[in-house]
Amino acid sequence: MRTPTGPGGRPRSVRVKAPGKVNVSLQVGPLRPDGYHSVASVYLAVSLFEEVTATSTPEPGVTVSLGPDSTLDVDSLDIPLDERNLAVKAARLMAEMTENPTGVHLTITKRVPVAGGMGGGSADAAATLLACDALWGSGLSREELAHVAGELGADVPFALLGGAAVGLGLGDQLSPALATSRFDWVLVPAEFGLSTPRVYAELDRLRQAEGVHAAEPTDVEPAILAALRTGDAGGLSHLLVNDLQRAAIGLAPGLRDTLGWADSHGALASMVSGSGPTIALLAQDADAAADLAEDLGHRGVEAFAVHGPVPGARIVSDTVL
Ligand code: ATP
């Protein structure tokens, strides 16, 4: 059996990658008495990956740093490097469930826009769960890991699962969905973040001002699952839903420009991703996505092509240093 360190107590290092997501549909219910909102969502994991390397340390405890390979400018990011970091929370939770955990240092390679509505922090947490599970030999099953993931945040179980899935409840009650071929997207990150709780609060405010009583969402539109199943990007483009979009636009009206531009420049559809402000453009195929990303680049707008579904958290390497 492998131990948390290599021969002679040499440090061992496990590297895991986990994807960001777009919500192909996101229906949001009314504010619940517990302060949360029920959702019905279709998640799609996309080919923009966070990586977490968990390295055993002789000193007990959990430390974290941002890796030099991050494609985001890590110096300007608002990411807590203490116990508020979701990856640190994940490692601590795993340590509590493991018999003899070593100390661990987490190195996070950030690629998913921060506070961008793409679940980057959740991907870090999912990657950390899997890395610490391998490092410490916790012996938890996938179901048990998914349960721990749900304690960390509503989007963490999906980052672990990947692919395409329906999420009910807080988004953490997942059932895998079948997607037989790839869907191509262009992501347009914003130069600012939006706090997810603030976007939900803005939706509540808009609904109250309009006297709208939203229904509890209980399921997703079957046509969306059919479009995913048959690889019908054109069909899917008419079915994208995001109840949070108008709240995100209410807080950041400039998002309208990119959405409007996309609709007149060959995107099949455009939408705010999750709570935003990242915008996701659905393209007909990989070539169309590359063209759209290039056009945006010429306009001085950062954009990159991705595709989904892709697998959830996976071990990339496991080495004794
Ligand atoms: P959500 O899953 O709620 O849609 P998001 O994708 O919009 O989240 P994240 O990038 O996951 O946003 O992070 C939101 C906030 O969480 C950040 O502003 C940051 O303060 C905090 N945070 C904690 N841990 C992390 C982490 N590992 N990476 C990024 N942000 C983190």
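H1 (residues 86–96) and H2 (120–136) each supply at least two residues of the shell around the ligand; helices here are DSSP runs of H or I, at least four residues, numbered from the N terminus. H2 gives the largest share of that shell, four residues. This is a predicted model, in which local features need pLDDT of at least 70 and side-chain atom pairs count only at pLDDT 80 or more, while totals for chains, interfaces and linings use all residues. Residues are numbered from 1 along each chain as its sequence is written.

Let's look around the ligand. It is surrounded by 23 residues, the closest being Leu86, Gly120, Gly121, Asp124 and Thr196; a residue belongs here if its C-beta atom, placed from the backbone, lies within 6 Å of the molecule. By class, the shell has eight nonpolar, eleven polar and four charged residues, with Ala, Val, Leu, Ile, Met, Phe, Trp, Tyr, Cys and Pro counted as nonpolar, Asp, Glu, Lys and Arg as charged, and the others, Gly among them, as polar. Because domain 1 (7–178) and domain 2 (183–308) both give residues to this shell, the ligand lies between them; the domain bounds come from an automatic or database domain assignment.

Now follow H1 to its contact with another helix. The axes of H1 and H3 (residues 142–152) come within 10 Å and cross at roughly 135 degrees, which means that H1 is oblique to H3.

Methods:
Axes are lines fitted to C-alpha atoms, for helices over the stretch in contact, and angles run from 0 to 180 degrees between N-to-C directions. Angles under 35 degrees count as roughly parallel, over 145 as roughly antiparallel, 65 to 115 as roughly perpendicular and the rest as oblique.
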